[in-house]
Amino acid sequence: MQRYFIDQNADESQRFFITNKEDIHHITNVMRNTIGNQIIITFKDKIVFKSEIITIENESIEIKLIEQIDINSELPVQVTICSGLIKADKYEWLIQKATELGADSFIVVEMDRSVVKLTPNKVQKKLERWQKIIKEAAEQSYRLIIPNIIFKSNLNEIYDTINHYDYILLAYEDEAKRGEVSLFKETLKKFKTNDRILLIFGPEGGFSEKEITLLNETSFNVGLGPRILRAETAPLYALSAISYENELMGWILCQQLRFTHWVAK
């Protein structure tokens, strides 16, 4: 059943209207839904409802809430992916897959070694396109939120927001080349529920020495294993590791404890 977002809090006593033009087109022309069909709606307060289509108009689709669905598809920690501006197709793939893997938000930065440059008049158009890709990925992967994306013209602007995060990890390829493999793993084990984590990744050309120096006192420079990863691959590796450590490991431990309890009986 297809999922859509409504930017309002859920209320079983109300009927709601889908007014996003792209959603209306998708519901009526792509999915061929008609009155009486059911869809899934995720609300601003992360509450999810199976809903029924009541009316279909050109400008809106009216729905009523049928049944609340208990689902929790968000990472237990809030991960912001800050990455250097890279080639368009690679970055679009990155944000799509990172949304599926649970990223909470994105910051795209024009770094010193970014091959791609954005002129001020193109920034807004790019952000709109990227936000659309993120929204579609969030719907497809049953997310409870639509991650936000912002653009910064240089890494100094990120430095001014460092205090907003509990952990700042900078994926530095020189650390991987030196064989550093433990700091990332050990740091993941320290994360607590609702911690805010900033992961910083360079563009295709990597970080400049000036950028490394800027963040040296506030971030952990970590290696991501023995292989050197592409700019669009490294964030996905990191998110997968966070998911494994903070979601799957907890589930595995729970299953082991249940089995131990069963055997003890």
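Which residue of β3 is the bridge partner of F5? In β3, T42 is the bridge partner of F5. The legends below concern a predicted model.

**Figure 1. Overview of the predicted protein chain.** The model is a prediction, and its secondary structure comes to 8 helices and 11 strands. Along the principal axes, the C-alpha atoms of the protein chain fill a box of roughly 70 × 60 × 30 Å. Of the 265 residues in the protein chain, 45% are buried. Among contacts between residues at least 6 apart in sequence, 73% join residues at least 24 apart.

**Figure 2. The open sheet of 5 strands, with mixed pairing.** The strand order is β1-β3-β4-β5-β2. Because β1 (3-6) and β2 (15-18) stand at the edges with a single partner strand each, one side of each is left without a neighbour in the sheet. From one strand to the next, the twist averages 45 degrees. The pairing of β1 with β3 (residues 38-43) is parallel and runs over 4 bridges; F5 and T42 are bridge partners in this view. Helix α1 packs on the sheet and touches β1, β2, β3, β4 (48-56) and β5 (61-69). The direction of α1 makes about 150 degrees with that of β1.

**Figure 3. The buried face of helix α1.** Helix α1 spans residues 21-30, and its buried residues are D23, I24, I27 and T28. Seen down the axis of α1, these residues fall within an arc of 110 degrees, so they line one face of the helix. Their cover includes β1, β2, β3, β4, β5 and α3 (120-140). D23 has a relative accessibility of 5% and therefore counts as buried. Leaving aside neighbours within four places in sequence, D23 is in contact with Y4, F5, I18, K135 and E139.

**Figure 4. Helix α2 and the residue that follows.** Helix α2 (residues 88-100) has 13 residues. From the first C-alpha of α2 to the last, the helix reaches 19 Å, close to the 18 Å expected at 1.5 Å a residue. The buried residues of α2 are Y91, E92, L94, I95, A98 and T99. These residues lie on the same side of α2, because they cover an arc of only 155 degrees around the axis. Just after α2, G102 takes a positive phi of about 110 degrees.

**Figure 5. The largest nonpolar core and the surroundings of W130.** In soluble globular proteins, nonpolar side chains tend to be buried together. The largest nonpolar core has 38 residues, of which I81, Y91, I95, F106, W130 and L199 touch the most other members. Beyond its neighbours within four places in sequence, W130 is in contact with L85, Y91, E92, I95, V108, L118 and I149. Another core, of 16 residues, lies apart from the largest one; among its members are V109, I158, I168 and F207.

**Figure 6. Two loop residues with positive phi.** Most residues other than glycine have a negative phi. R32, in the loop between α1 and β3, has a phi near 60 degrees, a positive value in a residue other than glycine. The relative accessible area of R32 is 62%, and this residue is exposed. Y142 lies in the loop between α3 and β8 (148-152), and its phi is near 65 degrees, likewise positive in a residue other than glycine. With a relative accessible area of 36%, Y142 is partly exposed.

Notes. Residues numbered from 1 in each chain as written. Predicted model: local features only at pLDDT ≥ 70, side-chain atom pairs only at ≥ 80, totals over all residues. Heavy atoms only, no water. Expected span 1.5 Å × (residues − 1). Buried < 20%, exposed > 50% of the residue type's maximum accessible area, 1.4 Å probe, protein only. Arc of directions from axis to C-beta. Core = buried A, V, L, I, M, F, W, Y, C linked by side-chain atoms within 4.5 Å. Contact = heavy atoms within 4.5 Å. Pairing = 2+ DSSP bridges. Axes fitted to C-alpha atoms, helices over the stretch in contact; angles between N-to-C directions.
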